[in-house]
Amino acid sequence: MTRRPLIAANWKMHKTNQEAKDFMKELLPLISDLKDVDVLVCPPFTLISSVDQGREGSKVLLGAQNMYFEEKGAFTGEVAPAMLKDLNCEFVILGHSERRWIFGENDELINKKVISAFEHDLIPVLCVGEKLEERENGQTEQVILKQLENDLKGVTEDHLKNMVIAYEPVWAIGTGKNASEKDAKEACDLIREFIHSRFGSETSDKVRILYGGSVKPENVSMYMAQEGIDGALVGGASLKADSFAKLTKF
Ligand code: PGA
């Protein structure tokens, strides 16, 4: 089973509309010769339209970094799945560690968001991963399995096939301390085994599993060379078009 590699940019809380437009203008010619790779850009909500306009004529995919699970209503400050669809988003990052640990999102909430994303035809990029102390205490596997178990409750096989899961060890995010290829592969294999045990091989063969955490042009090929790592979710190194373009040419 060959899965199409996916290189995803998570811009987090960065850039103005002008900067987003400039980024896209610079990016497209740099990746025009790209063939068997999916490229996804996930800007903050305020820049989604600019990136959408900027990607015209290209195959760049568009995603948001979060959403709420409800349809509509009195949820001040939140954004609904249909609003993301309205802006032409195809993907949505859910359960990012910054959502979990800065904004207090728990697995129950993340699970509701995952289900809601599928109901609205958005593909979730579900992030899971352990904190440093959990790794040091030998709890990495346990933490990842618990997150998967809880975040994927009620998800169907058909939905899961299209889903993207990102292994992002919290200690590697934005720290410059990227995981070794061995640790990243072990965690990605664990995730695929979990999917296999719950949903069978047809599903586990199709789901794309990414590594994220201080991925840079200098280390991306080390991860992409690992069987079972299907791509990367990139923060810091995705903010400059030339650096992000290099990442897509692992
Ligand atoms: P980083 O962020 O590449 O800056 O470490 C990755 C992420 O948070 O998705």
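Which residue has a polar backbone atom 2.9 Å from an oxygen atom of the ligand? In this predicted model, that residue is Gly 236.

| Residue | Part of the residue | Distance to a ligand oxygen atom |
|---|---|---|
| Lys 12 | polar side-chain atom | 2.7 Å |
| Ser 214 | backbone N or O atom | 2.7 Å |
| Gly 236 | polar backbone atom | 2.9 Å |

On its own, the ligand has 280 Å² of accessible area, and the protein covers 95% of this. The ligand is surrounded by 13 residues, of which Lys 12, His 96, Glu 168, Gly 174 and Ser 214 are the closest. By class, this shell holds seven polar, four nonpolar and two charged residues.

The volume of the largest pocket is about 400 Å³. It is lined by 15 residues, and those closest to its centre are Lys 12, Met 13, Gln 65, Arg 99 and Phe 103. Seven nonpolar, five polar and three charged residues make up the lining of the largest pocket.

The second largest pocket has a volume of about 250 Å³. Its lining includes Arg 4, Leu 28 and Ile 31, along with the stretch of Val 37, Asp 38 and Val 39. Ser 58, Lys 59 and Val 60 are also among the residues that line the second largest pocket. In this lining, six residues are nonpolar, two are polar and four are charged.

Terms used
Residues numbered from 1 in each chain as written. Predicted model: local features only at pLDDT ≥ 70, side-chain atom pairs only at ≥ 80, totals over all residues. Heavy atoms only, no water. Near = heavy atom within 4 Å. Polar contact = N/O pair within 3.5 Å; in protein donor to acceptor, adjacent residues only side chain to side chain. Areas by Shrake-Rupley, 256 points an atom, 1.4 Å probe, with all protein chains shown as cover. Nonpolar A, V, L, I, M, F, W, Y, C, P; charged D, E, K, R; others polar. 1 Å grid on protein atoms, 1.4 Å probe; cavity = no way out; pocket = protein on both sides within 12 Å on 5 of 7 lines; lining within 4 Å. Points joined across faces, edges and corners; volume = space filled by probe spheres on them.
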